[in-house]
Amino acid sequence: MFKILETVIERILWESRFMIFLAVISSVLAAFVLVLIGTYDIFIVIKDATNMFSSKEYFKEFHKEAIKNIVSAVDVYLIATVLLIFGLGLYELFISKIDPMEKDTKSSKILVVHTLDQLKEKLAKVILMVLIVTFFKYAIEFKYTDIKNLLFLSIGILLIALSIFFMHKGQEKKQQ
(Lines give C-alpha, C1' and ligand atoms only; values in the text may rest on other atoms or scores of the structure.)
Protein backbone atom coordinates (compact mmCIF):
# COMPACT_ATOMS: atom_id res chain seq x y z
CA MET A 1 0.00 0.00 0.00
CA PHE A 2 2.77 2.43 0.98
CA LYS A 3 4.77 1.54 -2.13
CA ILE A 4 1.79 2.43 -4.37
CA LEU A 5 1.26 5.70 -2.46
CA GLU A 6 4.94 6.53 -2.71
CA THR A 7 4.90 5.83 -6.47
CA VAL A 8 1.84 8.04 -6.99
CA ILE A 9 3.31 10.91 -4.94
CA GLU A 10 6.65 10.70 -6.73
CA ARG A 11 4.90 10.71 -10.10
CA ILE A 12 2.87 13.78 -9.13
CA LEU A 13 6.01 15.54 -7.91
CA TRP A 14 7.87 14.68 -11.10
CA GLU A 15 5.04 15.85 -13.33
CA SER A 16 4.78 19.13 -11.38
CA ARG A 17 7.82 20.32 -13.31
CA PHE A 18 5.43 21.11 -16.16
CA MET A 19 4.14 24.13 -14.24
CA ILE A 20 7.39 25.78 -15.34
CA PHE A 21 5.88 25.77 -18.82
CA LEU A 22 3.81 28.80 -17.75
CA ALA A 23 7.03 30.67 -16.98
CA VAL A 24 8.47 29.58 -20.33
CA ILE A 25 5.44 30.83 -22.29
CA SER A 26 5.29 34.06 -20.29
CA SER A 27 8.99 34.76 -20.82
CA VAL A 28 8.87 34.12 -24.55
CA LEU A 29 5.71 36.23 -24.97
CA ALA A 30 7.23 39.06 -22.90
CA ALA A 31 10.37 38.89 -25.08
CA PHE A 32 8.18 39.15 -28.19
CA VAL A 33 6.37 42.19 -26.78
CA LEU A 34 9.67 43.86 -25.91
CA VAL A 35 11.00 43.25 -29.42
CA LEU A 36 7.89 44.97 -30.76
CA ILE A 37 8.43 47.91 -28.38
CA GLY A 38 12.10 48.25 -29.39
CA THR A 39 11.17 48.06 -33.05
CA TYR A 40 8.56 50.77 -32.54
CA ASP A 41 11.24 53.00 -30.94
CA ILE A 42 13.43 52.51 -34.02
CA PHE A 43 10.46 53.12 -36.32
CA ILE A 44 9.84 56.48 -34.60
CA VAL A 45 13.45 57.49 -35.24
CA ILE A 46 13.18 56.49 -38.91
CA LYS A 47 9.88 58.34 -39.28
CA ASP A 48 11.26 61.49 -37.64
CA ALA A 49 14.42 61.29 -39.77
CA THR A 50 12.42 62.34 -42.82
CA ASN A 51 12.24 65.90 -41.38
CA MET A 52 15.77 65.81 -40.01
CA PHE A 53 17.18 68.51 -42.28
CA SER A 54 14.18 70.87 -42.18
CA SER A 55 15.98 73.26 -39.79
CA LYS A 56 19.12 73.46 -37.73
CA GLU A 57 17.16 73.56 -34.45
CA TYR A 58 15.08 70.55 -35.43
CA PHE A 59 18.25 68.63 -36.36
CA LYS A 60 19.83 69.26 -32.94
CA GLU A 61 16.65 68.17 -31.15
CA PHE A 62 16.21 65.18 -33.47
CA HIS A 63 19.81 64.13 -32.84
CA LYS A 64 19.32 64.07 -29.06
CA GLU A 65 16.00 62.25 -29.26
CA ALA A 66 17.25 59.77 -31.88
CA ILE A 67 20.18 58.74 -29.71
CA LYS A 68 17.91 58.33 -26.67
CA ASN A 69 15.38 56.28 -28.64
CA ILE A 70 18.01 54.06 -30.25
CA VAL A 71 19.77 53.41 -26.94
CA SER A 72 16.38 52.68 -25.35
CA ALA A 73 15.62 50.23 -28.16
CA VAL A 74 18.94 48.46 -27.63
CA ASP A 75 18.16 48.27 -23.91
CA VAL A 76 14.72 46.80 -24.60
CA TYR A 77 16.18 44.30 -27.11
CA LEU A 78 18.72 43.16 -24.51
CA ILE A 79 16.02 42.66 -21.89
CA ALA A 80 14.04 40.68 -24.49
CA THR A 81 17.17 38.57 -24.99
CA VAL A 82 17.36 37.92 -21.25
CA LEU A 83 13.73 36.76 -21.25
CA LEU A 84 14.24 34.55 -24.30
CA ILE A 85 17.37 32.91 -22.87
CA PHE A 86 15.57 32.46 -19.55
CA GLY A 87 12.45 30.94 -21.12
CA LEU A 88 14.29 28.55 -23.40
CA GLY A 89 16.74 27.66 -20.64
CA LEU A 90 13.91 26.80 -18.25
CA TYR A 91 12.30 24.67 -20.91
CA GLU A 92 15.53 22.75 -21.53
CA LEU A 93 16.24 22.30 -17.83
CA PHE A 94 12.79 21.31 -16.60
CA ILE A 95 10.76 19.99 -19.49
CA SER A 96 12.70 18.67 -22.47
CA LYS A 97 15.63 19.26 -24.77
CA ILE A 98 14.81 21.38 -27.79
CA ASP A 99 15.88 19.04 -30.58
CA PRO A 100 16.09 21.56 -33.47
CA MET A 101 18.28 23.79 -31.32
CA GLU A 102 20.62 20.92 -30.46
CA LYS A 103 20.97 19.84 -34.09
CA ASP A 104 21.31 23.29 -35.69
CA THR A 105 24.82 23.76 -37.07
CA LYS A 106 24.32 27.23 -38.55
CA SER A 107 23.46 29.26 -35.46
CA SER A 108 25.29 30.08 -32.27
CA LYS A 109 24.82 27.80 -29.28
CA ILE A 110 24.03 30.72 -26.95
CA LEU A 111 20.51 29.45 -26.34
CA VAL A 112 21.58 25.88 -25.57
CA VAL A 113 21.49 25.32 -21.81
CA HIS A 114 22.36 22.04 -20.12
CA THR A 115 22.82 23.14 -16.49
CA LEU A 116 21.50 25.79 -14.15
CA ASP A 117 25.01 27.24 -13.93
CA GLN A 118 25.09 27.72 -17.72
CA LEU A 119 21.74 29.49 -17.58
CA LYS A 120 22.96 31.70 -14.74
CA GLU A 121 26.17 32.54 -16.60
CA LYS A 122 24.38 33.42 -19.85
CA LEU A 123 21.83 35.55 -18.04
CA ALA A 124 24.54 37.33 -16.05
CA LYS A 125 26.37 38.33 -19.24
CA VAL A 126 23.27 39.74 -20.88
CA ILE A 127 22.14 41.46 -17.68
CA LEU A 128 25.57 43.09 -17.44
CA MET A 129 25.08 44.40 -20.97
CA VAL A 130 21.62 45.72 -20.01
CA LEU A 131 23.16 47.56 -17.07
CA ILE A 132 25.88 49.03 -19.28
CA VAL A 133 23.38 50.25 -21.86
CA THR A 134 21.13 51.67 -19.12
CA PHE A 135 24.12 53.49 -17.62
CA PHE A 136 24.94 54.84 -21.08
CA LYS A 137 21.33 55.98 -21.57
CA TYR A 138 21.31 57.92 -18.30
CA ALA A 139 24.80 59.28 -18.90
CA ILE A 140 23.61 60.79 -22.19
CA GLU A 141 20.58 62.44 -20.58
CA PHE A 142 22.36 63.72 -17.47
CA LYS A 143 23.37 67.40 -17.26
CA TYR A 144 26.97 67.70 -16.07
CA THR A 145 26.99 70.94 -14.09
CA ASP A 146 30.12 70.53 -11.99
CA ILE A 147 33.33 68.54 -11.76
CA LYS A 148 31.86 66.15 -9.17
CA ASN A 149 29.34 64.87 -11.74
CA LEU A 150 32.15 64.22 -14.22
CA LEU A 151 34.11 62.41 -11.51
CA PHE A 152 31.12 60.13 -10.82
CA LEU A 153 30.74 59.50 -14.57
CA SER A 154 34.39 58.50 -14.86
CA ILE A 155 34.11 56.22 -11.81
CA GLY A 156 31.06 54.59 -13.40
CA ILE A 157 32.96 54.05 -16.64
CA LEU A 158 35.89 52.56 -14.71
CA LEU A 159 33.55 50.16 -12.89
CA ILE A 160 31.99 49.10 -16.19
CA ALA A 161 35.43 48.47 -17.67
CA LEU A 162 36.41 46.41 -14.62
CA SER A 163 33.23 44.35 -14.77
CA ILE A 164 33.82 43.56 -18.46
CA PHE A 165 37.46 42.73 -17.70
CA PHE A 166 36.53 40.33 -14.90
CA MET A 167 33.79 38.74 -17.00
CA HIS A 168 36.33 37.97 -19.72
CA LYS A 169 38.89 36.76 -17.19
CA GLY A 170 36.31 34.27 -15.90
CA GLN A 171 35.74 33.00 -19.44
CA GLU A 172 39.46 32.54 -20.04
CA LYS A 173 39.78 30.43 -16.87
CA LYS A 174 36.92 28.16 -17.95
CA GLN A 175 38.43 27.63 -21.40
CA GLN A 176 41.79 26.54 -19.95
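Predicted model: local features only at pLDDT ≥ 70, side-chain atom pairs only at ≥ 80, totals over all residues.
Residues are numbered from 1 along each chain as its sequence is written, and side-chain values use heavy atoms, with hydrogens and water left out.

View 1. Ser72 sits in helix α3, residues 56–95; helices are DSSP runs of H or I with at least four residues, numbered from the N terminus. Buried means under 20% relative accessible area, exposed means over 50%, and partly exposed lies in between (1.4 Å probe, protein chains only). Setting aside neighbours within four places in sequence, Ser72 is in contact with Asp41 and Lys137. Contact here means heavy atoms within 4.5 Å.

**View 2. A salt bridge between Asp75 and Lys137.** These two side chains meet in a salt bridge at 3.6 Å, N to O. The pair ties together distant parts of the chain, with Asp75 in helix α3 and Lys137 in helix α5, 62 residues apart. Both Asp75 and Lys137 are buried. A salt bridge is a side-chain nitrogen of Lys or Arg within 4 Å of a carboxyl oxygen of Asp or Glu, and a search of the whole structure turns up 7 of them.

View 3. Glu92 and Lys97 pair up through their side chains at 3.8 Å, N to O. Glu92 is buried, with a relative accessible area of 4%, whereas Lys97 is partly exposed at 38%. Lys120 and Asp117 also form a salt bridge, at 3.5 Å, N to O. They are 3 residues apart in helix α5, so about one helical turn separates them. Lys120 is exposed, with a relative accessible area of 55%, and Asp117 is exposed too, at 52%.

**View 4. Phe135 and the residues it touches.** Phe135 belongs to helix α5 and is partly exposed, with a relative accessible area of 29%. Not counting residues up to four places away in sequence, Phe135 touches Leu153, Gly156, Ile157 and Ile160. The C-alpha atoms of Phe135 and Gly156 are separated by 8.2 Å, while the two residues are 21 apart along the chain.

**View 5. A pair from separate stretches of chain, Ala23 and Phe86.** Ala23 is found in helix α2, residues 20–49, and at 28% relative accessibility it counts as partly exposed. Its C-alpha atom is separated by 9.1 Å from that of Phe86, 63 residues apart along the chain.

**View 6. Patches on the surface.** Leu151, Phe152, Ile155, Leu158, Leu159, Leu162, Phe165 and Phe166 form a nonpolar patch, with about 790 Å² of accessible area together. One member, Leu162, lies in helix α6 and is partly exposed at 34%. Lys56, Lys60, Lys64 and Lys143 gather in a patch of positive charge. Of these, Lys143 is found in the loop between α5 (116–141) and α6 (147–175), and is exposed, with a relative accessible area of 63%. Patches are made of residues with over 30% relative accessible area and no salt bridge, joining like charges within 9 Å and nonpolar side chains (Val, Leu, Ile, Met, Phe, Trp, Tyr) within 5 Å. Areas come from the Shrake-Rupley method with a 1.4 Å probe.

Technical notes:
Lys, Arg positive; Asp, Glu negative; His and termini not counted. Charge placed at Lys NZ, Arg CZ, Asp CG, Glu CD. Helix = DSSP H or I, 4+ residues; strand = E, 2+ residues; numbered from the N terminus.
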